[in-house]
Amino acid sequence: MTSYSRPQRITVLGSTGSIGVNTLDVLARHPERYEVFALTAMSRVDALLAQCLTWKPRFAVLPDAALAQQLRALLRDQGSKTEVLDGMDSLSTVSAHADVDMVMAAIVGAAGLAPCLAAARAGKRLLLANKEAIVVGGALFMQAVEQGGATLLPIDSEHSAIFQCLPEDRSTWAQRIDHIVLTASGGPFRQRDPATLAEVTPEQACAHPNWVMGRKISVDSATMMNKALEVIEARWLFNLTPEQIKVIIHPQSIIHSMVVCRDNSVLAQLGTPDMRVPIAYGLSFPERIEAGASRLDLLTGPSLAFEEADEARFPGLYLSWQALRGPEGATAVLNAANEEAVEAFLARRLRFDQIHRVNSQSLADLQPERGECSSVEGLLGLDARARRYARDLIAGLAA
């Protein structure tokens with residue numbers, strides 16, 4: 001085990017969500033090794049209060065000032081010394097703080113871009129579960145990682161699998177990789193007649209067969225937009241061309257992804273579908289620590305099967321390659337449109353099968369303007385413009 005003079009201090013962005021809760025579960029198994037510096041949530045005051053009382057972080061963040069004041073009063077009543085900050089800028093403050101060693105970026109959506117950039121520029125170990133930050137940020141995000149000297153470690157199970165199959169020396173990756181294969185479970189509608197998808201309810205879309213995830217990510221898995229975003233993420237994480245990224249359906253979620261080498265060797269990472277494994281690897285890299293996951297038993301486990309990712313059934317997946325081949329910023333447009341469409345679906349203002357229509361039409365119609373992708377302000381402006389366009393489309397479909 002690496003010897004530290006003190007426990008490593010970690011900020012958990014999105015601590016009340018699925019990834020955040022799993023991160024705290026792993027941290028609890030290694031109290032001598034890690035210390036929680038800051039916890040953040042978007043709105044769940046009660047859950048964040050409970051976490052603060054357990055973990056006693058120096059800071060807690062709620063972007064909404066009224067909710068932050070509510071948490072502040074509750075913690076004061078409990079005699080807690082945790083300082084409560086508010087405002088979106090506070091997310092960046094606790095990500096770039098000089099006393100922070102690593103940041104778990106588990107905020108869902110484009111809201112994670114600014115704090116992820118702050119952590120990267122400050123040279124932190126950045127555990128990236130927020131794929132939208134790199135989908136929106138692209139070149140700007142990777143430039144911040146390089147210039148800040150940050151250590152970027154993927155937490156998505158698929159990207160962690162690819163990372164685990166590759167040597168630590170990143171300079172050798174290009175000469176080793178022919179292409180990568182991201183596996184996808186196919187979600188709850190893998191065998192459902194596409195003609196019936198208009199009838200899908202939010203409850204059905206959120207009932208993933210293998211993984212326990214938040215509602216937004218569960219819907220993305222059902223449409224395969226989650227995999228589309230992972231294709232875009234993989235392009236930047238591993239410096240690949242769009243043609244070097246393949247997707248295959250693997251319903252059992254045992255093989256988490258594969259690297260096909262130039263000599264046609266195939267390297268794969270296997271394990272039970274438990275997000276604590278990639279979380280633990282990111283926390284301890286290059287070591288491995290106890291994650292709490294059950295051990296994979298190949299003798300009693302399911303047989304492994306593979307299917308083609310059918311474009312007719314999962315058209316959203318193929319928007320990823322379209323966006324990557326489009327102008328810079330196209331991936332940000334796709335992400336913004338999808339976030340708005342999924343929110344509308346969960347609110348029952350949009351049918352499940354209309355999510356793809358909003359996404360594809362936004363991607364086709366909305367062109368990024370020159371210079372929008374050169375700064376975080378420009379990217380957030382593009383994100384806002386794409387959201388307005390998507391909301392107009394949604395309103396038209398609902399009329």
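This is a predicted model: local features need pLDDT of at least 70, side-chain atom pairs count only at pLDDT 80 or more; totals for chains, interfaces and linings use all residues.
Biologist: In what order do the five strands of the open sheet lie?

Modeller: Strands of a sheet pair through backbone hydrogen bonds, either parallel or antiparallel. Here the order is 11-10-8-9-12, with mixed pairing. Strands (E, at least two residues) and helices (H or I, at least four) are DSSP runs, numbered from the N terminus; two strands pair if DSSP finds at least two bridges between them.

Biologist: Which strands stand at the edges?

Modeller: Strand 11 (266-270) and strand 12 (307-308) each have a single partner strand, so one side of each lacks a neighbour in the sheet. Strand 12 runs antiparallel to strand 9 (residues 245-249), joined by two bridges. Isoleucine 249 is opposite glutamate 307 of strand 12.

Biologist: Which strands does helix 11 touch?

Modeller: Contact means heavy atoms within 4.5 Å. Helix 11 (residues 225-237) packs on the sheet against strand 8 and strand 9.

Biologist: Is serine 95 buried or exposed?

Modeller: Buried means under 20% relative accessible area, exposed over 50%, partly exposed in between (1.4 Å probe, protein chains only). Serine 95, in helix 4 (residues 88-96), is buried at 0%. Leaving aside neighbours within four places in sequence, its contacts include Leu13 and Lys124.

Key. Residues are numbered from 1 along each chain as its sequence is written. Side-chain values use heavy atoms; hydrogens and water are left out. Axes are lines fitted to C-alpha atoms, for helices over the stretch in contact, and angles run from 0 to 180 degrees between N-to-C directions.
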